Amino acid sequence: FVVMVNVGRGHAALALRNTLADLLTGKPPRDWNAYYLMVERKANEKTEREKQERRTKWATGTSPSRPLPSYAGQYDSPSHGRATVFVSEDRLVLQWSRLTLPLAHAHHDVFAAESDEDDVDEEVTFALDAEGNVSSMTIFGERFSSSRP
């Protein structure tokens with residue numbers, strides 16, 4: 001049998017699949033919804049702990065090393081394509097693929113990209129070249145090089 005659903009994330013399809021498999025194979029019933037809710041709760045708790053640990057490492061009282069427009073531009077990755085950073089309402093915004101993420105200054109040249117809707121909680125780290133120009137950014141562990149001439 002095949003279970004297809006039109007959802008992006010979550011464990012509901014897994015619970016449905018496992019419940020149907022149990023029924024079809026004659027196994028005793030199991031509350032797969034409760035199981036996957038527990039799995040999700042533990043994952044959320046772990047994510048929150050990691051987020052708090054990451055934030056405790058941020059230096060307080062810092063500001064970006066460059067004015068915000070200096071970070072704006074296009075950034076390219078051979079494997080992940082092009083990302084664009086722009087300034088909107090006195091803050092940076094990252095647009096990449098289907099994501100549009102506001103960036104909040106964390107410390108130094110590190111910004112927080114958070115979106116509950118898109119399930120994103122990442123740091124965006126900008127790097128400077130020897131002349132002090134923004135040369136790259138890193139998000140999701142992937143380095144994007146500035147496309148500036």
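Trainee: By class, what does the lining of the largest pocket have?
Mentor: Nine charged, five polar and three nonpolar residues. Keep in mind that this is a predicted model.

Trainee: How much space lies in the largest pocket?
Mentor: About 510 Å³.

Trainee: Which residues lie nearest its centre?
Mentor: Asn44, Thr47, Asp119, Val120 and Asp121, out of 17 lining residues.

Trainee: And what gives the most to the lining?
Mentor: Helix H2 does, with six residues. H2 spans 32–56. Strands S5 (110–115) and S6 (120–128) each supply at least two residues as well.

Trainee: Switching to rings. How many aromatic pairs?
Mentor: The count is nine. Take Trp96 and Phe144: they pair edge-to-face, 5.9 Å centre to centre, with 80° between the planes.

Trainee: Where in the chain are those two?
Mentor: Trp96 is in strand S3 and Phe144 is in strand S8, 48 residues apart.

Trainee: Buried or exposed?
Mentor: Trp96 and Phe144 are both buried.

Trainee: What about Phe111 and Phe126?
Mentor: Also an edge-to-face pair, at 5.6 Å centre to centre and 90° between the planes. Phe111 sits in S5 and Phe126 in S6, 15 residues apart.

Trainee: Why is Phe111 called buried?
Mentor: Because its relative accessible area is 2%, and buried means under 20%. Phe126 is buried too, at 4%.

Trainee: Last one. Which ring faces does Arg30 lie over?
Mentor: Arg30 lies over the face of Trp32, 4.3 Å from the ring centre. Arg30 also lies over the face of Tyr35, at 4.7 Å from that ring centre.

How values were computed:
Residues are numbered from 1 along each chain as its sequence is written. This is a predicted model: local features need pLDDT of at least 70, side-chain atom pairs count only at pLDDT 80 or more; totals for chains, interfaces and linings use all residues. Side-chain values use heavy atoms; hydrogens and water are left out. On a 1 Å grid over the protein atoms alone, a cavity is a set of points where a 1.4 Å probe fits but cannot get out, and a pocket is an open set with protein on both sides within 12 Å along at least five of seven lines; lining residues have an atom within 4 Å of a point. Grid points are joined across faces, edges and corners, and a volume is the space filled by probe spheres set on the points. Helices (H or I, at least four residues) and strands (E, at least two) are DSSP runs, numbered from the N terminus. Ala, Val, Leu, Ile, Met, Phe, Trp, Tyr, Cys and Pro count as nonpolar, Asp, Glu, Lys and Arg as charged, and the others, Gly among them, as polar. Rings of Phe, Tyr and Trp (its six-membered ring) pair if their centres lie within 6.5 Å; planes under 30 degrees apart count as stacked, over 60 as edge-to-face and the rest as tilted. Buried means under 20% relative accessible area, exposed over 50%, partly exposed in between (1.4 Å probe, protein chains only). A charge sits over a ring if NZ of Lys or CZ of Arg is within 6 Å of the ring centre and within 35 degrees of the ring normal.
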